[in-house]
Amino acid sequence: MAEAGARLEGLVVASHGRHCVVESADGQRRICHPRGKKSQAVVGDRVLWQPAAPGQGRGQGDEGTIERVQERRNLFYRQDEVRTKSFAANLDQVLILIAAEPVFSESQLARALIAAEAAQITPLIALNKSDLVEPFARAWERLWPYRHMGGEQDTKHHYRVLPLSLTESGPVDRDALLPLLAGKTTLVLGPSGSGKSTLVNLLVPHAKAQTGEISQALNSGRHTTTSTQLYWIDEARTTALIDSPGFQEFGLRHLAPADLARCMPDIAAHAGECRFYNCTHLHEPGCAVRAQVETDDSPGTISASRYRIYGELFAELSEAPRY
Ligand SMILES: Nc1nc2c(ncn2[C@@H]2O[C@H](COP(=O)(O)OP(=O)(O)OP(=O)(O)O)[C@@H](O)[C@H]2O)c(=O)[nH]1
Ligand SMILES: [Zn+2]
């Protein structure tokens with residue numbers, strides 16, 4: 001056990017309410033409590049922590065206090081169903097896993113993408129259950145604007161959209177995913193039933209073991225149903241997946257309505273060409289964005305559904321109180 005009094009570096013690998021599991025450089029994991037509000041950490045945070053003095057831990061030792069959260073490279077915001085904010089920090093990318101069934105909500109997808117863009121985190125979209133041929137074809141078609149965003153050439157597309165069939169072609173999917181994940185920390189998000197657990201089990205064969213007794217102890221006998229967990233894919237601990245429950249309404253309240261356009265690449269591509277520099281793209285004359293929205297007569301480069309979502313979010317962010 002580490003010496004009391006020392007400040008040690010660690011990585012937050014799980015959070016359960018205010019408690020965190022901190023992993024130190026040697027791979028050892030222990031429960032830590034934040035010292036105060038300022039040291040409230042989220043998964044992915046690098047922290048300085050201090051072991052509890054002998055006899056002071058509430059458990060069987062192996063506990064500590066988070067003394068400081070190191071500066072974050074980025075912070076991913078979302079809101080869960082009970083309207084509290086949840087976060088993960090220091091991410092390289094966000095993998096949004098949706099499926100042919102259950103039918104995905106385009107609005108939820110758009111929100112998650114906007115949240116990623118706003119935090120300057122690269123999003124990656126995967127559509128699972130390609131074995132369900134007809135529902136998959138419909139879902140793939142609905143993703144057309146996302147598959148083609150930012151240009152017609154493959155290399156210029158803003159989002160990467162990957163077809164998967166995790167239960168039917170696991171090894172093939174693993175080979176497709178691993179190079180995209182290697183050396184990075186990826187937050188996996190997806191609606192219930194899309195195959196998130198299947199994905200984690202495919203990529204992290206010892207997921208249960210990694211979660212370990214510590215997290216199980218924290219979860220049991222407590223009303224903690226949601227927890228965010230970081231898993232290492234490789235033994236060298238360079239490639240990480242963060243599994244976070246809840247893909248409900250994404251609170252985007254940290255954004256102002258005027259931030260939306262730059263977080264939607266298809267809209268951002270034309271937002272600079274409007275007659276008014278502060279165009280909202282809702283009603284102004286000379287709006288280059290509205291000129292690009294598809295209609296029955298013209299294909300346009302902005303799909304009608306994306307423009308509708310833009311309008312809905314703009315209204316939501318204009319009205320809702322900030323908290
Ligand atoms: N047909 C088909 N079914 C799949 C595929 N991947 C996952 N499933 C099934 O979809 C269901 C949901 O998969 P899970 O991995 O539990 O999904 P989840 O996203 O973790 O769902 P929650 O636990 O509700 O959050 C399970 O019955 C899986 O067997 C696939 O590629 N094809
Ligand atoms: Zn405009």
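How many helices and strands are there in the protein chain? Eight helices and 13 strands. Both are DSSP runs, numbered from the N terminus: helices are H or I, at least four residues, and strands are E, at least two.

A word on the source. This is a predicted model, where local features need pLDDT of at least 70, side-chain atom pairs count only at pLDDT 80 or more, and totals for chains, interfaces and linings use all residues. Residues are numbered from 1 along each chain as its sequence is written, with chains lettered from A and ligands numbered from 1 in the order in which they are written.

Now the chain. It has 323 residues, and 37% of them are buried, meaning 20 or more other C-beta atoms, placed from the backbone, within 10 Å of their own.

Next, domains. The assignment, automatic or from a database, gives domain 1 (8-69), domain 2 (75-243) and domain 3 (257-319). Domains 2 and 3 put 10 residues each into their contact; contact means C-beta atoms, placed from the backbone, within 7 Å. On the domain 2 side, helix α1 (residues 106-118) gives the largest share, six residues. That side has five nonpolar, three polar and two charged residues. Asp, Glu, Lys and Arg count as charged; Ala, Val, Leu, Ile, Met, Phe, Trp, Tyr, Cys and Pro as nonpolar; the others, Gly among them, as polar.

Last, ligand 1. It is surrounded by 16 residues, with C-beta atoms, placed from the backbone, within 6 Å. Closest are Ser192, Gly195, Lys196, Ser197 and Thr198. Helix α5 (residues 196-203) supplies the largest share of the shell, three residues. By class, the shell has 10 polar, four charged and two nonpolar residues.

Key:
Contact = placed C-beta atoms within 7 Å. Buried ≥ 20, exposed ≤ 12 C-beta atoms within 10 Å, placed from the backbone.
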